[in-house]
Amino acid sequence: MVRLGLPVGTALALANPAAGVVWPDEQPVRDVPVIKAAAVSVRPSPVPMRVEPISRSVEDVRLVEKPPEATDQKFATAPLNVRTEPTEQAPVRDVLDRAEKIGVTGEIQGPWAEVVLGKESYWVHRAYLAEKKPTPEPSPTPSATPSAEPTPTAGETASPATNGLSTAPCSTGSDVESGLVQNAIDVHRAVCAAFPQIATYGGVRPGDTGDHGTGHALDIMTSGSTGDQIAEWVRAHASELGVSYVIWSQHIWSVERSSEGWRAMEDRGSVTANHYDHVHVSVY
């Protein structure tokens with residue numbers, strides 16, 4: 001090696017090429033730290049996510065959900081349920097009247113179209129939306145004469161009352177009251193006393209995602225003119241009984257929109273779904 005005139009370090013490198021060598025005129029290679037961006041977490045959702053970055057920093061990239069924006073206006077061609085999610089099982093937040101205008105975002109999921117109410121995202125059946133306003137038509141109103149509350153017969157003790165309404169246990173039994181909130185129990189007992197001919201009621205339904213699942217609803221099984229009378233009677237006593245809304249004969253009346261009277265609802269496809277065989281009462 002000396003005879004070749006090679007430096008000792010060079011000779012060793014040639015003899016053992018696997019060994020790391022730093023040449024005299026080179027700088028040592030330094031470790032470069034790896035910068036990792038923060039993980040981005042996006043919640044799973046059945047509805048479209050509108051996200052936008054609020055920071056472009058590599059160390060802090062976060063996403064926020066943008067409020068829905070209406071890109072067009074359309075009209076309901078029939079009384080139309082407004083739901084919180086694109087599914088029949090989602091809660092109904094409002095009912096659009098026929099010819100009512102609503103903002104749409106252009107988002108579609110199957111038969112559902114996204115709409116905007118109060119800067120919030122909701123869903124409706126898009127088959128009932130139209131570009132042009134349909135001609136309004138009058139909604140029929142159930143006609144009824146409220147039935148007078150019966151007077152206790154001889155030997156029957158008048159029960160405690162809520163503003164004059166009976167709160168006595170129903171003579172046909174109170175099994176339906178299991179799981180109901182107090183207001184729903186009051187509705188059951190008051191209706192039972194005022195309309196003793198009604199023998200069948202529906203209360204809590206396990207697994208129901210609406211008011212029946214939480215004990216805030218009562219179904220009064222009836223039809224025809226008797227149903228008209230009960231629906232009007234419950235509406236007349238809504239404040240005493242803590243009633244939120246009543247559904248009967250494909251119409252809805254609610255405390256929040258009481259000035260509008262009975263409002264027509266969309267066709268749900270069956271006698272029971274359209275509430276022709278029972279009066280539905282939801283309470284607070």
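**Helix α4 and its surroundings**

Modeller: The buried residues of helix α4 pack against β11 (165–166), α2 (182–194), β13, α5 (238–241), β14 and β17, where a contact means heavy atoms within 4.5 Å. Buried stands for under 20% relative accessible area, exposed for over 50% and partly exposed for anything in between, with a 1.4 Å probe and protein chains only. Helices (H or I, at least four residues) and strands (E, at least two) are DSSP runs, numbered from the N terminus.

Biologist: What kind of model is this, and how are residues numbered?

Modeller: It is a predicted model, in which local features need pLDDT of at least 70 and side-chain atom pairs count only at pLDDT 80 or more, while totals for chains, interfaces and linings use all residues. Residues are numbered from 1 along each chain as its sequence is written, and side-chain values use heavy atoms, with hydrogens and water left out.

Biologist: Back to the helix, then. Which residues of α4 are buried?

Modeller: They are Gly227, Asp228, Ile230, Ala231, Glu232, Trp233 and Val234.

Biologist: Which strands does α4 lie across?

Modeller: Helix α4 (residues 224–236) lies across β13, β14 (243–248), β15 (251–254) and β17 (278–283), and runs at about 165° to β14. The axes behind that angle are lines fitted to C-alpha atoms, for helices over the stretch in contact, and angles run from 0 to 180 degrees between N-to-C directions.

Biologist: In what order do the strands of that sheet come?

Modeller: The sheet is open, with six strands in the order β12-β13-β17-β14-β15-β16 and antiparallel pairing; two strands pair if DSSP finds at least two bridges between them. At the edges are β12 (201–202) and β16 (263–264), each of which pairs on one side only. Between β12 and β13 (residues 217–221) there are two bridges in the antiparallel sense, and Tyr201 stands opposite Ile220 in β13.

Biologist: What does Trp248 touch with its side chain?

Modeller: The side chains of Trp248 and Asp228 are joined by a polar contact of 2.7 Å. Such a contact is a pair of N or O atoms within 3.5 Å; within protein, one must be able to donate a hydrogen and the other to accept it, and residues adjacent in sequence count only if both atoms are side-chain atoms. Trp248 sits in strand β14 and is buried, at a relative accessible area of 2%. Between Trp248 and Gly227 there are 7.6 Å in space, C-alpha to C-alpha, although the two are 21 residues apart in sequence.

Biologist: How many aromatic pairs are there?

Modeller: The count comes to one aromatic pair. Phe195 and Trp233 form it in an edge-to-face arrangement, 5.8 Å centre to centre with 90° between the planes. Phe195 lies in the loop between α2 and β12 and Trp233 in α4, so the pair ties together parts that are 38 residues apart in sequence. Phe195 and Trp233 are both buried. The rule pairs rings of Phe, Tyr and Trp (its six-membered ring) if their centres lie within 6.5 Å, with planes under 30 degrees apart counted as stacked, over 60 as edge-to-face and the rest as tilted.

Biologist: Changing topic: which residues other than glycine have a positive phi?

Modeller: Among them are Lys119, with a phi of about 70°, and Gln250, with a phi near 60°. Most residues other than glycine have a negative phi.
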